[in-house]
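Colleague: Please take me through one part of this model in detail. I would like the helix packing, then whatever surrounds it.

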Amino acid sequence: MLAGCTKPAQQTAAPAGGEGKVGYVDIDALVRVHPLYPQLAQTERSIDALNLRSLGPGVGSTGSSLASQDAELQKELTDASNRTRQILSERQTEYQREETAAINAALAAGGHAAASSSVGANVGATTGKQVGNVNAEMNRDVAAYRRTLSSQEQQQEKSYEHAVSDRVNRQMLAKANELQNKESTLELQLQTKDASERLELRTRLGNLALDQSAREQVKAQLDALDKSESDQVAAMRNRDQQTLAQLRAQLRGQAQSDVNSGVAKIRAQNGAKQGSAGGGTTGAAPAGGVAATNLPPDLKAKIDALHKEYQARYAHDASATIAQFTKTRDDLQKRYNELHAVDSGANSSLSKELAALQAQHDQLYSEIVDQIEREVRIVAQIKGVTTVVSDVIGDGSGVDLTQAAKKEIESLHE
Amino acid sequence: MRLRTSRAYRLALAVLLAAVTLGSPRVLAADTTDIGFLDQGALANLQSFQNANRQMASFRANLQKEFVNRARKARSQQDQAKLANDFQTQLANEQRRVFGPLFAAAQTAVASVASSKGLSVVVDKRIIIVGGQDVTKNVMDLLSSPGSPVPPVSTPPPSTVGWVDQTQIDQLDQFKNAQQQFLKFGQDERASVQDKLKGVKTDSDRNKIYAEYQKAIDDQRAKIVTPLVDQTRAAIEQVAKKKGLLLVIDRSNLIFGGTDVTSDVLAVLKKS
């Protein structure tokens, strides 16, 4: 009964054969003309952009877990440095004491009084110089570490600013999408609510026997229905625009404050690291001292030999201690680098963002398809098509309802 | 669209169930009642399918652990690729072993229900917007009842709904070449984007690079892929008209019956 009683726009697809009972539509083509398609396409572009972004360089950040692991590594380095200094200092005292005792014994054997203060000072000066060298080397390490921290601090600040800016953009986008979804939902609800009334009015309009005044009356009712729906949606859109404007202002202020406090925090953290890394040198023994110049040449030679022996033993011992420290430092540096490499990967919230966008996309797509299917059902009913199939890959003699449905969906824009 | 590609398990079932297609088609007049549809998602809720899914998940988890351990020891990328291949093969074999009998029972049940209802074709519920006969409950009842479903004695009646196995079309030289060309273009473009992103400091520059990439991909798709899609559609339409079919669907959406026109479409495409 309804077949042939349609609006001109719906008469484009005539049954191509058979009984005209089986029809089909190209859902993709219909999705592309749906009023919400721009929003869907935008989501798809965002997903593509995020996918591409995941190829780009990672953005580092400073999570609390990272900071605590970082501090732990720093403590280990400082501890190793202090331990090394202490060992070297103990060795210095021990060798100094042994050397002094040996020299005193040599002096006593040669009939000379022990001149511990002058000889001891000489020994102390030599070993002190060695300790000074060791400390200087460790201090260079600490200085290099400080330079690394300083460079990292700059990068961290940039990353932090970037992260805050990204967060604000995401919040804005999320809010905008949330509001748009609500608008779409309202739109869909209104259209669903009025679907039967609209179908009835359209059917009456399609009745050729209807006189002009009755036709105008029905058309007015249809227009009023459309206007009522669009007014409600427009009112909601206006409210949403205001909400977005307020949120934008609020987020900007908050972002600036966050950036300021974040940068200050990074500087404070790194300052603390530099402080903990910057352990002072153990006081090197004063250089110089009084040389034992009035001794017989053979005794002087013996003392020199003793001194060289203890010097060599200390140097050997100290180099082993320093090698141990260097190994510890290198291991810590490696762990530090690994920690930051892992962080830049793990910190990336891209995958979460992608999943959220994908879910949003799927929901929107589903809403669009639901509405399209409702429109297709109406068109099929009007055209007397009892079975409609989508996802057709080749046209046959069935009724192609795509154009008719397209016109219906395009009319939703109005 | 993205959503339509995310239902692999349904398609896998559809592909397996489609193997039941029998007989050479003779095209008769269309009858709206001879198109049935099945909700494969509901079928997956049957106890037997759920048990099989659990079994498969456990197998996959164990295999995954083994793969990770062995991949760590792999010396080269080739070794890793070989391992991945072995992993996939084992997984597929197990899937066949676990699901094979269930799919066979399901396809027999669908054929039996279709035969008793005089249906010439059963398709996935997802592609039916209006009408058609829902056979989901009948098939589920049959599968849940004691004993194995009994195959129908007769072949399905001729159908005016045609189907094409597009994976076979993808194997044609011109399609394979186009696919590889497009794939390579995409890889090159992504590598280029990666390089460009290294020196980028602002979001605006970054977005510009993304937009350029998207445009390049779209242009290339329009140049390489779209003409082949159009060519295929035209070939299918030509065959459908010649055979008096109402419409043609992809094999992945077919569950039972229908008229296979894949070889006819391949012949047209080879000539063009």
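Modeller: Start where two helices of chain B meet. From H3(B) come B:Ser48, B:Phe49, B:Ala52, B:Gln55, B:Met56, B:Phe59, B:Arg60, B:Leu63, B:Phe67, B:Arg70 and B:Ala71. Facing them in H4(B) are B:Gln80, B:Leu83, B:Phe87, B:Gln90, B:Leu91, B:Glu94, B:Gln95, B:Val98, B:Phe99 and B:Leu102. Contact here means that the C-beta atoms of two residues, placed from the backbone, lie within 7 Å. By class, this contact has 13 nonpolar, five polar and three charged residues. Nonpolar covers Ala, Val, Leu, Ile, Met, Phe, Trp, Tyr, Cys and Pro; charged covers Asp, Glu, Lys and Arg; the others, Gly among them, are polar.

A word on the model before going on. It is predicted: local features need pLDDT of at least 70, side-chain atom pairs count only at pLDDT 80 or more, and totals for chains, interfaces and linings use all residues. Residues are numbered from 1 along each chain as its sequence is written, while chains are lettered from A and ligands numbered from 1 in the order in which they are written. Helices (H or I, at least four residues) and strands (E, at least two) are DSSP runs, numbered from the N terminus.

Now the geometry. Two packed helices are described by the angle between their axes and the distance between the axes. H3(B) spans residues 47-73 and H4(B) residues 77-117; they pack at about 165°, with axes 10 Å apart. That makes H3(B) roughly antiparallel to H4(B), a label for angles over 145 degrees. Axes are lines fitted to C-alpha atoms, for helices over the stretch in contact, and angles run from 0 to 180 degrees between N-to-C directions. The crossing of H3(B) past H4(B) is right-handed: the near helix is turned clockwise from the far one by less than a right angle.

H4(B) has another helix partner. H5(B), residues 136-144, packs with H4(B) at about 125°, and the axes are 9 Å apart. That angle makes H4(B) oblique to H5(B). The crossing is right-handed here too. H4(B) supplies B:Ala105, B:Ala106, B:Ala109, B:Val110, B:Ser112 and B:Val113. H5(B) supplies B:Asn138, B:Val139, B:Leu142 and B:Leu143. Eight of these residues are nonpolar, two are polar and none is charged.

Strands pair if DSSP finds at least two bridges between them.

S1(B), residues 35-38, and S2(B), residues 121-124, run parallel over four bridges. B:Phe37 has B:Val123 as its bridge partner in S2(B). B:Leu38 stands opposite B:Asp124. On to S7(B), residues 254-257: three bridges join S2(B) to S7(B), and these strands run antiparallel. There, B:Val123 has B:Leu254 as its bridge partner.

Last, the boundary with chain A. S3 of chain A, residues 392-395, runs antiparallel to S6(B) over three bridges. In that pairing, A:Gly394 stands opposite B:Val248.

How values were computed. Angles under 35 degrees count as roughly parallel, over 145 as roughly antiparallel, 65 to 115 as roughly perpendicular and the rest as oblique.
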